Amino acid sequence: MSIFINRAGILDTFQDLGRNGFRKFGINSNGAMDKTAVRLINILLGNGENEAVLEMHFPAPEIKFEADTAFAIGGADFGAELNNKPIENWQIQTAAKDSVLKFTENSLGNRCYLSIKNGFTLKKWLESSSTNLTAEIGGYEGRKLQKGDKIPFNSKLQTLNSKLQLKIARSIIPFYSKFPTVRIIKGAEYQDLTALSEQQFLSNDFSISANSNRMGFRLEGKPLHLLNDKELVSTAVNFGTLQLLPDGQTIILMADHQTTGGYPRIAHIIEPDLPLAAQLGVGDGIGFHIISLEEAENLKVEFEKDLSFLKMGVRFNSR
Amino acid sequence: MNKYKIYPLGESAVTIDFGNIISFEINDFVINLSNRIEKENFKGFIECVPAYSSLTVFYDVFEVRKNDDNFSSGFQFVENFIKKIIESLPKSKKSKSKTIEIPVSFDKDSALDLEFVAESNNLKRKEVIEIFLSKTYRVFMLGFLPGFAYMGELDGRIASPRKQTPRTKVPKGSVGIAGQQTGIYPLESPGGWQIIGKTETELFTPDKEKPTLFQTGDLVRFTEIK
């Protein structure tokens with residue numbers, strides 16, 4: 001039982017929710033860019049939330065299922081088709097042996113996820129199946145997928161069951177957009193911005209530069225300045241940290257960010273809003289809205305509670 | 001311990017910052033604090049990341065909030081937990097460390113920037129090597145790449161700025177210097193440090209239980225392969 005890559009996409013890697021516990025050795029967490037999408041489709045399929053999924057960019061791969069299975073797609077809308085028939089994201093789908101999954105257009109978002117019921121069979125490295133492209137390890141042979149790759153999965157589906165037509169409610173799916181405003185909390189050096197720079201920072205006038213990847217999104221906008229230019233010794237940084245670079249531009253650290261950095265930290269995007277940033281592509285816009293740390297914590301707690309309800313709902317419906 | 005600041009690094013991490021300085025004493029304290037927090041632990045704790053003069057603690061704020069109602073926020077709970085440990089830690093205690101020897105070759109093919117470092121400091125190649133080998137260095141932190149150690153302090157006589165334009169490929173094992181720091185590239189990678197030599201020692205061993213040779217606080221002596 002496996003999937004076969006008829007044609008590779010530009011960057012298809014296996015990711016889970018990240019590799020924790022090894023940052024102090026310089027080993028970054030990696031993991032999916034849009035963790036909410038991964039958790040949602042895994043929950044939908046009855047998988048563990050941390051089950052490894054295939055993260056795809058556009059152009060996306062063409063995939064053949066070599067056995068009957070159930071699967072789900074989430075994150076970006078790439079116009080998925082199964083055997084040339086359009087299928088919806090966020091819904092359990094079933095594929096008969098030899099079915100072909102392909103993606104026809106990049107309609108919204110930039111990272112699309114494929115999860116399979118019971119998961120793929122991958123060798124874990126340091127407790128995670130996420131691909132570390134720099135160290136060339138983890139995921140599937142430490143690299144992006146190529147034509148002809150054959151990745152085994154664990155699906156034990158006996159018969160194709162049409163009762164599996166579960167779908168995730170619209171209200172819990174991130175509200176993706178090409179110009180989202182994301183909520184942030186202030187970073188340690190926020191207070192050092194000049195008054196004018198603070199105004200510019202909050203003017204919602206940034207776009208994603210071409211020089212962006214899974215490590216970080218460089219933003220283009222009016223340059224920002226600190227009251228005093230600071231030389232900082234390196235400290236740990238986080239997924240969603242906004243750093244101010246020496247040329248006055250900012251960078252959002254993404255899933256493959258280095259563990260440490262020495263640039264001023266202007267802000268941190270709150271976790272529930274990270275997927276909105278993670279789905280952006282070159283030229284898309286982004287704005288920032290400051291909230292308090294307490295609000296950020298409350299939003300995270302509410303979000304986790306919503307996910308628990310979804311989990312209970314799925315369990316109830318699959319009985 | 002002297003003054004410090006605690007601030008959030010997102011809603012699921014806090015940084016304890018002991019000032020923007022590089023010192024053995026502060027780095028020792030950071031390491032001791034890190035070890036104690038790992039040992040004592042709390043529900044929702046994920047990991048500690050020691051740096052030069054700061055420690056960052058990552059946690060799952062949902063778990064923290066689920067398990068403690070006495071604090072108005074997860075941040076407050078973690079802050080309180082850390083403050084108590086800081087108060088109980090001895091102020092000056094050397095952290096445990098091991099000394100690791102790294103054989104380096106300084107031949108022309110490996111030491112890509114040795115000439116530049118010598119010239120810009122008005123020294124001969126041989127003198128740069130002598131000065132470099134004369135000291136024992138300390139691993140202040142790991143970062144940048146798996147197993148990449150930031151080591152110091154380099155003798156001021158051989159200190160060198162980063163390259164204006166970073167190399168797109170620095171060979172694995174290259175020994176570099178930047179300012180008064182030195183470090184070894186565990187993997188081939190882009191990089192802007194001045195390369196003065198190369199080692200065959202493996203710094204990143206993904207298949208072993210301990211994936212990196214160095215850890216924060218270790219001492220490093222370089223020797224010359226002739």
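Hi everyone. Let me start with the sheet in chain B: four strands make up an open sheet, ordered β1-β2-β4-β3, with antiparallel pairing. Its edge strands are β1 and β3 of chain B, each of which pairs on one side only. On average, neighbouring strands in this sheet are turned by 20° against each other, direction ignored. Please keep in mind that this is a predicted model.

Let's walk across the sheet. β1(B) and β2(B) run antiparallel and are joined by four bridges, with B:Y7 standing opposite B:T15 in β2(B). Next, β2(B) pairs with β4(B) over five bridges, again in the antiparallel sense.

Now, a closer look at β4(B). How many of its residues are buried? Six of the six, so to speak a strand that is mostly covered. Both faces of β4(B) are covered: B:S54, B:T56 and B:F58 are buried on one side, and B:L55, B:V57 and B:Y59 are buried on the other.

On to the helices of chain B. α1(B) packs on the sheet and touches β3 and β4 of chain B; the direction of α1(B) makes about 170° with that of β3(B). α3(B) lies across β1, β2 and β4 of chain B, and runs at about 35° to β2(B).

The two helices also meet each other. As you know, two packed helices are described by the angle between their axes and the distance between the axes. For α1(B), residues 24-40, and α3(B), the angle is about 125° and the axes are 10 Å apart. That is why α1(B) and α3(B) are oblique to each other. The crossing of α1(B) past α3(B) is right-handed. On the α1(B) side the contact is made by B:L33, B:R36, B:I37 and B:E40, and on the α3(B) side by B:I82, B:I85 and B:I86. Sorted by type, the residues of this contact of α1(B) with α3(B) are five nonpolar, no polar and two charged.

Chain A has a helix pair to show you as well. The axes of α1(A), residues 35-45, and α4(A), residues 293-318, come within 8 Å and cross at roughly 25°. So α1(A) is roughly parallel to α4(A), and their crossing is right-handed. From α1(A), A:R39, A:I43 and A:L44 meet A:L307, A:L310, A:K311 and A:V314 in α4(A). The contact of α1(A) with α4(A) divides into five nonpolar, no polar and two charged residues.

Finally, the contact between the chains. How many residues does each chain bring? Chain B brings 42 residues and chain A brings 36 residues. Several elements of chain B each supply at least two residues to the side touching chain A, including β1, β2, β3 and β4, and α2, α3 and β6 of chain B do likewise. Which of them gives the most to that side? β3(B) does, with five residues. By type, the side of chain B that touches chain A holds 25 nonpolar, 14 polar and three charged residues.

Key
Residues are numbered from 1 along each chain as its sequence is written. Chains are lettered from A and ligands numbered from 1 in the order in which they are written. This is a predicted model: local features need pLDDT of at least 70, side-chain atom pairs count only at pLDDT 80 or more; totals for chains, interfaces and linings use all residues. Two residues are in contact if their C-beta atoms, placed from the backbone, lie within 7 Å. Ala, Val, Leu, Ile, Met, Phe, Trp, Tyr, Cys and Pro count as nonpolar, Asp, Glu, Lys and Arg as charged, and the others, Gly among them, as polar. Axes are lines fitted to C-alpha atoms, for helices over the stretch in contact, and angles run from 0 to 180 degrees between N-to-C directions. Angles under 35 degrees count as roughly parallel, over 145 as roughly antiparallel, 65 to 115 as roughly perpendicular and the rest as oblique. A crossing is left-handed if the near helix is turned anticlockwise from the far one by less than a right angle, and right-handed if clockwise. A residue is buried if 20 or more other C-beta atoms lie within 10 Å of its own, exposed if 12 or fewer, and partly exposed in between; C-beta atoms are placed from the backbone. Two strands pair if DSSP finds at least two bridges between them.
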